[in-house]
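Please look through the structure below.

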Amino acid sequence: MTAAVRSMEAPLADDALIASVLLGQGLPAAAEHHLRMASLSYHNADLAEQHLRDAEAHAPGHAAVLIGLYRFYFYKGRLDEALEVARVCLAKAARENGLASDWREVTRNDTDFSGWDAVLPRFYLFTLKGYAYLNMRLGNEGEARLAVEKLLDLDPANRLGGRVLLDVLERKGRDDDDD
């Protein structure tokens with residue numbers, strides 16, 4: 001698998017972020033149990049989804065549960081549902097970072113997006129990338145482009161690989177011979 005393809009897979013969060021103590025903080029044992037059971041029963045979509053919903057009932061709005069839901073829907077190809085979860089995550093990340101609720105209004109100066117160890121700003125950026133990617137996959141190219149451009153504005157060093165998404169959008173519709 002190429003690095004470009006890897007950087008586009010389930011871009012809402014990476015393993016280090018999921019494992020973060022901050023995102024796992026306050027996760028009730030019952031929710032953690034259901035997340036684990038959802039993972040073990042992934043092959044049975046109905047059962048896995050029920051476990052995810054049970055985890056959500058025990059820990060509504062918890063980042064670990066939301067990421068579990070997002071990844072489940074993403075990998076099951078249920079992109080519309082993944083996009084809805086991405087929207088919830090984006091709103092949560094905005095609140096927790098003290099940012100404007102509309103991602104279009106967020107500026108680079110609103111928080112320190114450059115600190116790689118700052119989990120909450122990084123969660124916001126990963127979420128924005130996931131939101132952009134899903135819009136691109138669902139054919140909402142205008143929304144995807146705006147979100148990717150915002151991502152690159154907030155992450156000018158391109159640490160999250162937003163440039164790959166923009167490159168895909170720019171190549172879309174062109175033949176390889178057009179380069």
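In this predicted model, the buried residues of helix α10 are G162, L165, L166 and L169. They span an arc of only 100 degrees around the axis, so they lie on the same side of α10. An α-helix has 3.6 residues a turn, so residues three or four places apart point the same way.

Now turn to the pairing of α10 with α8. Helix α8 covers residues 119-137, and helix α10 covers residues 162-171. Their axes come within 11 Å and cross at roughly 20 degrees. Angles under 35 degrees count as roughly parallel, so α8 is roughly parallel to α10. The crossing of α8 past α10 is left-handed. On the α8 side, K129, A132, Y133 and M136 make the contact. On the α10 side, L165, V168 and L169 do. Of these contact residues, six are nonpolar, none is polar and one is charged. Two of the α10 contact residues, L165 and L169, are also among the buried residues of that helix.

A second pair is α6 with α7. Helix α6 runs over residues 63-75 and helix α7 over residues 79-97. Here the axes come within 8 Å and cross at roughly 155 degrees. Angles over 145 degrees count as roughly antiparallel, and α6 and α7 are therefore roughly antiparallel to each other. α6 also passes α7 in a left-handed crossing.

Which residues meet in α6 and α7? From α6 come A63, L66, L69, Y70, Y73 and F74. From α7 come L79, E81, A82, V85, A86, V88, C89 and K92. This contact divides into 12 nonpolar residues, no polar ones and two charged.

How values were computed. Residues are numbered from 1 along each chain as its sequence is written. This is a predicted model: local features need pLDDT of at least 70, side-chain atom pairs count only at pLDDT 80 or more; totals for chains, interfaces and linings use all residues. Side-chain values use heavy atoms; hydrogens and water are left out. Axes are lines fitted to C-alpha atoms, for helices over the stretch in contact, and angles run from 0 to 180 degrees between N-to-C directions. Helices (H or I, at least four residues) and strands (E, at least two) are DSSP runs, numbered from the N terminus. Angles under 35 degrees count as roughly parallel, over 145 as roughly antiparallel, 65 to 115 as roughly perpendicular and the rest as oblique. A crossing is left-handed if the near helix is turned anticlockwise from the far one by less than a right angle, and right-handed if clockwise. Contact means heavy atoms within 4.5 Å. Ala, Val, Leu, Ile, Met, Phe, Trp, Tyr, Cys and Pro count as nonpolar, Asp, Glu, Lys and Arg as charged, and the others, Gly among them, as polar. Buried means under 20% relative accessible area, exposed over 50%, partly exposed in between (1.4 Å probe, protein chains only). The arc is that of the directions from the helix axis to the C-beta atoms.
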